[in-house]
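Okay, thanks for making time, everyone.

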Amino acid sequence: SAPAGGGSSARVRFSDAVVASMAPAKLFAPFDAAVNSIDFDASGKLCVAASDDESLHVYDAVKGEHSGTVMSKKYGVALAKFTADRTKAVAASRNDWDHTVRHLSLDTNAYIRYFRGHRDHVTSLCMGVKAVGTDAVMTASLDGTVRLWDLRSNACQGCLFVGDGDHTIAQFDPQGVAFATAINKSGCIEMYDVRTFDAGPFARFRPTLGDGGVGGGAAAAAAAQPPLQFSSLCFSRDGKYVLANTRRGKALLVDAFSGSVDRTFHGHPFSPASPTEACFSANANYVAVGGTDGSVHVYRTVTGKRVCTYGGHAGVVGAVRFNPRFAVLASAASSVAFALPTISAEEAAIDNAMDDGDEYVDVVW
């Protein structure tokens, strides 16, 4: 069934019981190649997926319906993100000769603005938050640079050199005062002040696969390990943690202030040659990770315990994303799937006690 089947809706606590009952409810028609990114708009009502087959697809996340296709046959498309205007998106090129980032209309399939400057493949793209400006865009590239852009201008607003030929991921923190980079060559996560990033990082962490910190006495242990290869990076909504997925089968919960690895999430199938993504739920109470065998795994953040596993995909689940409002978990391999709770409204209501630290989502039965 689709997320909305004409039934009633309710706001419930996103509890272990609700999450454990999640299972694929909608599997959309497959793309001709792997999906390289998925994203929800701020309202949670729309989802966009970019594929290596040079297409963008838009889905209604409430009705569980495909609602539009945008082709980019000349340039390819990757890392698509909604802007504050959900009828528009920003996406990178996916080809060997042009590395322009484009602002486009999802309604008219027209390009609005071109952001030129990268000389190699773009490896990450993220949108700004309110504090730094929702028109802000940050990209990282194999050319060794992290660039800041503004949707209202073609000109690059700032450029940071982090290392030529290195796979780098860059993400704004939720408050918009800092951003983090994950650099595979060094295995380091670096923190920068948005206003003074050209002065260098104000913090630098080199996480290890074991529990514990990476400062002080742990420095020797960190140095003894080969650099971690990161495949995804995101902040918790309160900015206290960074979730860094690695190519070694573990996602790391890193304290954004001390750099200590407070939790590791592992047990999902992985391959160093097939990077997957990890993401937080809206309030960071849960972590979802894609598996290389077509499975999706959800862990409780505070304990590291796996509370839900389901299959349904053919191939590597390279992209996962929790809906910011609804009880929908999107995942993608060569097709996009929406997973929903299968628990009944009555069962969910029993587990609906109020707690300020809890997470609440809208569920449509």
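Before I point at anything, one convention: two strands count as paired if DSSP finds at least two bridges between them. Strands themselves are DSSP E runs of at least two residues, helices are H or I runs of at least four, and both are numbered from the N terminus. This is a predicted model, so local features need pLDDT of at least 70 and side-chain atom pairs count only at pLDDT 80 or more, while totals for chains, interfaces and linings use all residues. Residues are numbered from 1 along each chain as its sequence is written, and side-chain values use heavy atoms, with hydrogens and water left out.

So, the overall count: three helices and 30 strands. Of the 365 residues, 55% are buried. Buried here is under 20% relative accessible area, exposed is over 50%, and partly exposed is in between, with a 1.4 Å probe and protein chains only.

Let's start with strand 19. Six of its six residues are buried. Strand 19 pairs with strand 20, residues 241–246, in the antiparallel sense over five bridges, and C234 sits opposite L243 in strand 20. The two strands make a hairpin with five residues between them, and G239 in the turn has a positive phi of about 80°.

P227 is partly exposed, because its relative accessibility is 28%. What does P227 touch, once neighbours within four places in sequence are set aside? The contacts are N184, K185, S186, G187, R206 and R248, where contact means heavy atoms within 4.5 Å. Its C-alpha atom is also 7.7 Å from that of C188, which is 39 residues away along the chain.

Now the sheet with the order 15-16-17-18: it's open, has four strands, and the pairing is antiparallel. At the edges, pairing on one side only, are strand 15 (168–172) and strand 18 (203–205). Ignoring direction, neighbouring strands in this sheet are turned by 20° against each other on average; the axes are lines fitted to C-alpha atoms, for helices over the stretch in contact, and angles run from 0 to 180 degrees between N-to-C directions. Strand 15 and strand 16 (178–183) are joined by five bridges, with F172 opposite F179.

On to the packing. A nonpolar core, for this talk, is a set of buried Ala, Val, Leu, Ile, Met, Phe, Trp, Tyr and Cys residues joined through side-chain atoms within 4.5 Å. The largest one has 23 residues, and F14, V298, F322 and L329 touch the most other members. Helix 1 (16–20) supplies at least two residues of this core, and so do strands 24 (286–290), 25 (296–300), 26 (306–310), 27 (319–322) and 30 (360–364). Strand 26 gives the most, with three residues. Take V298 as an example: beyond four places in sequence, its partners include V19, Y286, V307, F322 and L329.

L79, in strand 7 (78–82), has a positive phi near 55° without being a glycine; L79 counts as buried because its relative accessible area is 13%. N109, in the loop between strand 9 and strand 10 (111–115), has a positive phi of about 60° and isn't a glycine either. N109 is partly exposed, at 40% relative accessible area.
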